[in-house]
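Thank you all for coming; I would like to walk you through one structure this morning, taking it a piece at a time. Please have a look at the sequence and the structure first, and then we will go through some local details together.

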Amino acid sequence: MPPRSEEPRRDAKGSRRGPSRADSSADPRPAESGGGISGARAYTPRGRSIGEQRLGEARAGRAEPRRTPRGDGGRSGDPFRPALQVLSGGRAGATRRANPPRRTSVVRTVPRHPPAEEPPPRRRPPRPTSARPTRRRRSRPPRLADPGRRLRLGTALVLTLFTVIGIRLVVLQVVENPDYAGAGIDDRLKVVVLPAPRGTIRDRDGEVLAHSVEARYVFADPTLIDDPVSTAQALAEPLGIPAAELADQMRKRKQPNGNELQFAYLKRGVDVDRAEQIEALGLAGIGVRRDERREVPGGDLAANLIGFTSPEMVGLEGLEAGYDEVLTGKDGLERYEAGWGAQIPGGFSETTEAKPGSSLCLTLDRDLQYMVQAKLAQAMEAVNGSTATAVVLEVGTSEVLAQASYPTYNVANRLDSDPADRDDVATAFVVEPGSVHKAITFGAALQEGVITPQTAFPVANSVLKGDTRISDTHPVNGRTMSIPGMLAFSSNVGTIEVADRLGPDRLIDYQKRFGLGKPTGVGLLGEASGAVLPADEWSDSSHGSVPIGHSVDTTAIQMAAAYATIANDGTYVAPRLMKEIIGPGGERTTPEAPTTREVLTPETAAELRTALEAVTTVDGATGRAAAISGYRVAGKTGTGARLVNGQKQPGDVAAFVGMAPAEKPRFVIAVFAHTPDGGGGSDIAAPVFADMMRFTLQHYQVPPSKVPPPNFDVFPR
């Protein structure tokens with residue numbers, strides 16, 4: 001569309017003017033504040049605002065001085081133009097410099113002096129001019145005000161944050177995941193103990209002597225019990241435990257690892273029926289699980305030997321205590337996640353099966369043990385005996401076939417028994433053996449050659465040693481007596497004479513070689529060692545007392561082992577109770593071989609056995625009550641004393657230790673009985689020995705002796 005023609009404007013002198021460059025600007029001028037002009041932004045057809053037109057009419061007749069363009073690129077005197085240029089980023093001025101306005105001969109005239117009501121136009125301070133226009137430096141906004149910079153910075157921060165979060169998530173999920181997962185499981189984890197079955201104790205033929213039977217144990221989870229007092233009161237009667245004690249066990253408390261205690265035994269070995277009654281109560285935090293209870297089927301059968309356990313199945317006495325580590329298994333554990341007292345389906349669950357303990361196979365013979373106990377108890381009741389024991393050893397192996405104690409107790413009622421009744425008398429009963437020790441004295445003298453089986457010498461009725469006079473119970477008034485005769489009539493004077501020829505040092509040496517003064521190691525805790533009097537502690541009277549079995553401390557098991565040495569052709573074999581150990585899987589382990597050593601030569605042992613036969617065969621001998629029809633028996637009676645803490649107790653200890661058949665011994669039996677009212681071995685111990693040996697020989701079907709015992713010349717001429 002062609003440009004619209006504009007009518008020339010006339011100035012005050014009537015001259016015609018064309019439109020000025022400034023007037024044709026697209027920027028509207030603001031209304032003058034002092035001239036009452038309105039509608040500054042309403043444009044006329046000529047491109048000027050109404051305000052400008054009226055102002056021109058008011059200034060008619062006054063010539064406006066010509067204004068030449070400045071070096072700033074033809075900037076007009078419009079006071080708002082710099083602000084507009086700033087808002088537009090300075091591009092308007094740049095455009096004008098690039099395309100300078102065309103010069104025109106038409107100039108705009110304004111009145112030299114504006115009307116009084118109009119304020120003078122605002123003018124900028126003059127700027128220095130030069131031949132070349134000065135380029136104005138564009139102002140830059142602050143760095144953070146730059147949107148691009150802010151966007152890049154924000155992006156970097158967000159990426160850094162997400163990177164840190166991602167790394168932390170990787171650490172939590174991969175590196176620290178087991179720790180956090182474990183900690184979470186620990187809060188929900190319930191642990192239930194699975195008791196390991198305790199090993200069984202059996203005799204040599206596999207018969208049960210002690211075993212575990214099915215029972216129940218009652219436990220508490222303190223974290224689930226809100227009122228321990230009322231819960232304890234409800235359980236006190238069925239469990240037979242005071243409520244205060246139960247409440248203390250149910251008390252909430254921390255474990256050493258910082259976790260809450262979630263399992264506590266209340267009672268073990270509860271009868272199944274009683275446990276079902278407790279379970280029916282439905283007490284929160286109280287549970288019942290399968291358990292076992294120890295029982296000895298025979299009641300008091302070998303009770304002193306076997307011992308017993310605590311309700312927690314810990315061995316306290318006897319073999320149960322001595323082999324506790326072998327018999328005890330390894331408890332299992334059941335661990336699972338639980339919520340509100342119930343297992344979470346699909347949650348963590350782990351079960352470690354219990355490992356049963358090993359079983360013991362003893363050398364005992366159950367039937368023989370029963371008969372020995374019964375005969376010992378019968379004899380003691382007849383003589384008002386206080387304490388007694390009997391030991392049966394198999395010759396050659398020294399395996400203990402029976403080991404009885406009197407008094408005894410019933411394991412089921414052990415809490416009602418006297419602690420003294422639970423002692424194993426065979427290993428804990430310390431005595432002065434008396435004349436049964438004479439076999440050691442004569443055996444040492446025969447082995448050392450100071451006497452022979454044919455030795456005989458006059459024997460006085462008594463002998464003085466130091467300040468002690470020792471007499472014979474069967475005086476012979478100085479007659480010549482043989483070695484078998486001295487043993488048959490238990491001559492103290494004759495034995496002391498033989499010991500004088502042997503000497504203290506050699507006698508002590510043989511005492512030790514026969515096993516005196518040291519525990520046999522049969523396998524029981526608390527076995528007494530006895531004592532052998534050292535030579536430097538012998539007094540003058542010791543030369544008379546030691547050879548005949550006084551001033552010597554021994555146990556029944558030691559004396560049985562000494563006579564088993566004589567029966568075993570002079571070779572000592574330590575007695576043992578353990579035949580083998582049977583593992584949970586049926587594997588069998590034989591204990592270490594027992595200690596053995598040669599004490600006598602087989603010839604010397606045979607000579608001594610023959611001499612000891614005189615005790616049971618010679619008329620009037622002290623051991624006639626020990627004789628068994630059809631079998632040759634060798635042994636020795638004795639009368640000693642019981643020692644408690646080194647002090648002799650009132651009464652006597654009657655003893656008999658013997659073997660049969662004497663020509664080839666199979667068994668050795670030692671009987672020791674303390675009677676407060678007194679009594680010798682010939683009256684009490686010998687008859688009991690005979691009953692026990694007779695049953696033993698018949699039980700093992702030992703054929704009778706084919707050759708009768710020799711005739712002994714007690715008083716050779």
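Ser551 lies in the loop between helix 18, residues 542-545, and helix 19, and in this predicted model Ser551 has a positive phi of about 60° although it is not a glycine.

On the helix 19 side the contact is made by Tyr563, Ile566 and Ala567, while helix 20 brings Ala605, Leu608, Arg609 and Leu612. Sorted by class, this contact of helix 19 with helix 20 has six nonpolar residues, no polar ones and one charged residue.

Let me turn to another pair of helices. Helix 12, residues 366-383, packs with helix 21, residues 685-699, at an angle of about 165°, and their axes are 10 Å apart. Because angles over 145 degrees count as roughly antiparallel, helix 12 is roughly antiparallel to helix 21, and the crossing of these two helices is right-handed. Helix 12 contributes Asp367, Leu368, Met371, Val372, Lys375, Leu376 and Ala379 to the contact, and helix 21 contributes Val688, Asp691, Met692, Phe695, Thr696 and His699. In this contact of helix 12 with helix 21 we find eight nonpolar, two polar and three charged residues.

Now to the strands: which way do strand 16 and strand 17 pair? Strand 16, residues 462-465, and strand 17, residues 468-471, pair in the antiparallel sense, over four bridges, and Lys465 has Thr468 of strand 17 as its bridge partner. The two strands form a hairpin with two residues between them, and in the turn Gly466 has a positive phi of about 65°.

There are also cis peptide bonds to point out. One joins Tyr406 and Pro407, with omega about 0°, and Pro407 sits in the loop between strand 13, residues 400-406, and helix 13, residues 425-428. Another joins Ala660 and Pro661, with omega about -20°, and Pro661 is in the loop between strand 25, residues 652-660, and strand 26, residues 667-675.

Finally, the structure holds eight aromatic pairs, among them the stacked pair of Phe219 and Phe263, at 5.1 Å centre to centre with 25° between the planes. This pair links distant parts of the chain, 44 residues apart, with Phe219 in strand 5 and Phe263 in the loop between helix 7 and strand 6.

Definitions and conventions
Residues are numbered from 1 along each chain as its sequence is written. This is a predicted model: local features need pLDDT of at least 70, side-chain atom pairs count only at pLDDT 80 or more; totals for chains, interfaces and linings use all residues. Side-chain values use heavy atoms; hydrogens and water are left out. Two strands pair if DSSP finds at least two bridges between them. Axes are lines fitted to C-alpha atoms, for helices over the stretch in contact, and angles run from 0 to 180 degrees between N-to-C directions. Angles under 35 degrees count as roughly parallel, over 145 as roughly antiparallel, 65 to 115 as roughly perpendicular and the rest as oblique. A crossing is left-handed if the near helix is turned anticlockwise from the far one by less than a right angle, and right-handed if clockwise. Contact means heavy atoms within 4.5 Å. Ala, Val, Leu, Ile, Met, Phe, Trp, Tyr, Cys and Pro count as nonpolar, Asp, Glu, Lys and Arg as charged, and the others, Gly among them, as polar. Rings of Phe, Tyr and Trp (its six-membered ring) pair if their centres lie within 6.5 Å; planes under 30 degrees apart count as stacked, over 60 as edge-to-face and the rest as tilted.
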